[in-house]
There are 2 protein chains.
Amino acid sequence: MTGTNPYELHLDRNAANYVPLTPLSMIKRAAHVFPDRTSVVHGARRFTWKETYARSRQLASVLERLGVQTGDTVSILAHNTPEMYEAHFGVPMCGGVLNAINTRLDADNIAFILDHGECKILIADREFGELVTHILGKVAYKPKVFFIDDPECDNPGPAIGEKDYEALIADGDPDYAWKMPDNEWDAIALNYTSGTTGNPKGVVYHHRGAYLTAVSNALDWNMDKHPVLLSNVPMFHCNAWCFPWTVAMKAGTFVCQRRVSAKVIYDAIADHKVAYINGAPIVLGLILNAREDEKREFNHIVNVMTAAAPPPASVLAGMEREGFRVTHVYGLTETYGPSVVCAWKDEWDVNDMDERARLKSRQGVAYTAQEDLMVADAETMQPVPWDGQTLGEVFCRGNQVMKGYLKNPRASDEAFAGGWFHTGDLGVMHPDGYIQLKDRSKDIIISGGENISSIEVEGVLHKHPAVALAAVVAKPDEKWGETPCAFIELKPGSSVTIEDMKAFCRDNLAHFKCPRDIRFIELPKTSTGKIQKFILRKQLQDEVGDSIPL
Amino acid sequence: MTGTNPYELHLDRNAANYVPLTPLSMIKRAAHVFPDRTSVVHGARRFTWKETYARSRQLASVLERLGVQTGDTVSILAHNTPEMYEAHFGVPMCGGVLNAINTRLDADNIAFILDHGECKILIADREFGELVTHILGKVAYKPKVFFIDDPECDNPGPAIGEKDYEALIADGDPDYAWKMPDNEWDAIALNYTSGTTGNPKGVVYHHRGAYLTAVSNALDWNMDKHPVLLSNVPMFHCNAWCFPWTVAMKAGTFVCQRRVSAKVIYDAIADHKVAYINGAPIVLGLILNAREDEKREFNHIVNVMTAAAPPPASVLAGMEREGFRVTHVYGLTETYGPSVVCAWKDEWDVNDMDERARLKSRQGVAYTAQEDLMVADAETMQPVPWDGQTLGEVFCRGNQVMKGYLKNPRASDEAFAGGWFHTGDLGVMHPDGYIQLKDRSKDIIISGGENISSIEVEGVLHKHPAVALAAVVAKPDEKWGETPCAFIELKPGSSVTIEDMKAFCRDNLAHFKCPRDIRFIELPKTSTGKIQKFILRKQLQDEVGDSIPL
């Protein structure tokens, strides 16, 4: 066939008509077209695109001089600071792979990551100086270490490493002729999943996927030109959902912060005209529960993109009243962050708040850059009926799916079995083609043979006016196998009795789904605001281990 | 190297993590997510995304049944109608290559195109029934023919072909399992350049380039969600700059029209809330010179994207007063239409209208999806200084450059020599990195050894209040070799003497640049509103051939 198709004769790729897709093209263009616009803001520091591009090239040239070659890993342990932002460009500019590490991990975990990723260079914020000392005592292969001396850091630890970041890049070449990737399939980033059991897995992103996710972020969020973004997602979490690259593409402004708080959010909105905020649902809570002295006036629409847990109606209503427009997305580390969006339809605007919240609580449809999304039987991979009822596993495929797990072909093969990425999440497909998550596979509680969705029970608990946050997990039970146990964080100043809460559940849930055990506590959360259910689960197992007769 | 890079081991492409880029994904998504939104409007006809997707699949299934295979050409000779829109999806859905043909070409030209492109199927609007009869008398290989019976057609010719389009697709399968391209480098469209000399060349587009241009159109024009577009660019001209695919991607509405006029434009704005219009500069003239009874009220911003000739200050001022916002782009058939944009900077808003027009008259910077743009010495390919003065040829490279010319390896090699696409346009690079065209190579007038830019002379003529349009071409001259000759179309109701016009030129131009010959005529234009300078040139050559002694 090929020989006879005239469209394949003498019409090959060449240097004029083919360039690998890479987010690096985006910063080059931003610096060329909008050199003097503000690129990055952090405390008192301001950079322009010309400067951020030059600093990224300086970093790249120095890394190359230090021996970093294509496919070498450069790790960074830092908050959202300008150095972290620049690493998103400077590391891949010399062919390196950026490994941004979750700062909440312990020394053992991080040492595992550095060894597994074969880290050559580690750049760490001084806040983590002591941690780095411990890590270096544990790693088998010692990376070269440099430190970030951020003036915004109010709790610096010891300065571990050869020199600080500014001294490091001061030797660099701002005109360094950086490398386009040889192939758009080359790795750009390595992001470890937090993995509640076993060792973390290293998710590999390629240039093509990072480019297309960055594009799709702008398209699916309908971002305006020069968006000013406050990323409450840390850059060590799916590269802040690829937004550092989106902001360069749109020549916007990336507003950094070391720690999320209501004051940080309102100040960024008022001082920097932040119009886009991404973050875990905890951000919505911070905004709504801000004290009056933390709030600031603003008169533009602020768009908030949130993932991980659907915002309840009362939260959405509150956000709208305060001038925020919430977009609900869903994704995993393996899908470059968000790859599913609850694409809003104009005709839904006429609905009342409860109905709007119900519609928006669904995870939705594939991103523009993602090809396919389905809910299917996990065994047969046959799609479930579009009835909003039948539970199945969520599968996706397309250009927003990772290259695979580093040095873990078995896990990669399992994840890609049957030509689809297995998310491990359970959900339903609604008649209009929107998916809704019902649970992580491991979050399903099986009580007396019946499946109980912890998300469903949490949804009911969230409707109670005194509840700020709720997490429901399985508690081992002699008779039922498992029963739901509810951990509840109450709103400040609220109070309610356990008996009243149980009565509320019985009024709103099938009896077998009602939590038999309800506890009021402050919930353990990750740095990104996700509730750490595994801690709650472990606590219950430890208790039960003590009490159930062997 | 490859063997030792852990990022290349067991991390290959597979069905879960790689999908070819193609605009076909865009209509699938529009139909899935926004099935009931209006996709296409034409006169009294309205379609939804569900319908347009189904009709495109019907077309694809029928074409496949007729024997169309991957790499087979399907030609269409039509105005901007729903059938033409559907062909942009239906033809590639079965692996076919869409060849949309300029309806202003004569039978010889079109017969050449059909034979050269090895056309299997021809779909033609009834308006061109007689033309098709002539064409079929000239082609060596007879395609199967079908006709479009558009109710909006007020001058239908004979119905040539087996059946009409509606009857054709009525047999089709709305659920046809259409083919993703095997490779994103596969051809999607074949567009012949108008070629003023010799036979036209067949520019081949691939799925990847069409996808990325569609994306970049939305990004670089900062299009909002669900854009309603009136394309005054015919779809046979660079596939309407790839906007049919952009509109599907953004689930907008594509407003069709058979013929551009002031009334069509204002009606579309008022009746369909058109907020985006693309077209040749003639569109600006139509809007500004509209009669009061053709104008309609509207109270939204209408964005106009225009190419081919920079709009003069007076036109821009007029457009702004009327509620239009003009974006100036540049490109060629070989670059999928626009691939350069005069990206506007907020800080330019404070300038007066003349300065704003001067800034906007520049062609600008590479599109987001195009990689590189330079002005360089045509011989050495060394970039010219960024001084806004030094003339060079415009070169570009990247994913918005064609696959090549069909069955013309020599022309392809010339176009891609040195790893850059040679545009054949001459321009300068300004100190801020924005290019400005000065002329087509062949439009430079060489008089007494001095280069005269016809664009510069036209720019002066356009400043005269009586001038609607002006074209300056070289007139053969015994003494000087060439001298500039100006053809001028006056505004309705205006009058000016040739002597006054010459005096105006002398006041505004170096003496050697002043046209020695000035004529008031109605200028010959293409269907897209481009002035046909080659007709003017031929006229002068014919005259001179008669008068210059042999």
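A polar contact is a pair of N or O atoms within 3.5 Å; within protein, one atom must be able to donate a hydrogen and the other to accept it, and residues adjacent in sequence count only if both atoms are side-chain atoms. By this rule, 41 residue pairs are in polar contact across the interface of chain B and chain A (both at pLDDT 80 or more). This is a predicted model, in which local features need pLDDT of at least 70 and side-chain atom pairs count only at pLDDT 80 or more, while totals for chains, interfaces and linings use all residues. Residues are numbered from 1 along each chain as its sequence is written, chains are lettered from A and ligands numbered from 1 in the order in which they are written, and side-chain values use heavy atoms, with hydrogens and water left out.

**Relation of the two chains**

- Two copies of a chain are related by a rotation about an axis and a shift along it.

**The interface**

- In contact (heavy atoms within 4.5 Å) are 85 residues of chain B and 85 residues of chain A.
- The copies meet through the same surface, because 100% of the interface residues of chain B are also interface residues in chain A.
- Chain B and chain A bury about 6400 Å² between them, 53% of it on carbon and sulfur atoms; buried area is the accessible area (1.4 Å probe) that two parts lose on being put together, summed over both.
- Between chain B and chain A there are 12 salt bridges, a salt bridge being a side-chain nitrogen of Lys or Arg within 4 Å of a carboxyl oxygen of Asp or Glu.
- B:E184 and A:R208 form a salt bridge, with their closest N and O atoms 2.9 Å apart.
- Among the elements that give two or more residues to the side of chain B that touches chain A are α1 (24-33), β16 (370-376) and β17 (392-398) of chain B; helices (H or I, at least four residues) and strands (E, at least two) are DSSP runs, numbered from the N terminus.
- Helix α7(B) provides the largest share of that side, 7 residues.
- By class, the side of chain B that touches chain A has 43 nonpolar, 20 polar and 22 charged residues. Here Ala, Val, Leu, Ile, Met, Phe, Trp, Tyr, Cys and Pro count as nonpolar, Asp, Glu, Lys and Arg as charged, and the others, Gly among them, as polar.

- B:D372 is placed in strand β16 of chain B.
- Its side chain makes a polar contact of 2.9 Å with the side chain of A:K28, and a polar contact of 2.4 Å joins the side chains of B:D372 and B:R397.
- Not counting residues up to four places away in sequence, B:D372 touches A:K28, B:F395, B:C396, B:R397 and B:W420.

**Helix α4 of chain A**

- Of the 10 residues of helix α4 (residues 107-116) of chain A, 7 are buried, where buried means under 20% relative accessible area, exposed over 50%, and partly exposed in between (1.4 Å probe, protein chains only).
- The buried residues include A:I110, A:I113 and A:L114.
- They pack against β3 (73-77), β4 (97-100), β5 (119-125), α5 (129-136) and β7 (187-192) of chain A.

**Residues with positive phi**

- Most residues other than glycine have a negative phi.
- A:C238, in helix α8 (residues 238-241) of chain A, has a positive phi of about 50 degrees and is buried at 4% relative accessibility.
- A:C242, in the loop between α8 and α9 (243-249) of chain A, has a positive phi of about 70 degrees and is buried at 0% relative accessibility.

**Salt bridges within a chain**

- The whole structure holds 80 salt bridges over all chains.
- A:D36 and A:K50 meet in a salt bridge (3.1 Å, N to O).
- This pair ties together parts that are 14 residues apart in sequence, because A:D36 lies in the loop between α1 (24-33) and β1 (38-42) of chain A and A:K50 in helix α2 (residues 49-65) of chain A.
- A:R362 forms a salt bridge with A:D432, the closest N and O atoms being 2.8 Å apart, and the pair links distant parts of the chain, 70 residues apart.
- A:R362 is buried at 3% relative accessibility, whereas A:D432 is partly exposed at 27%.
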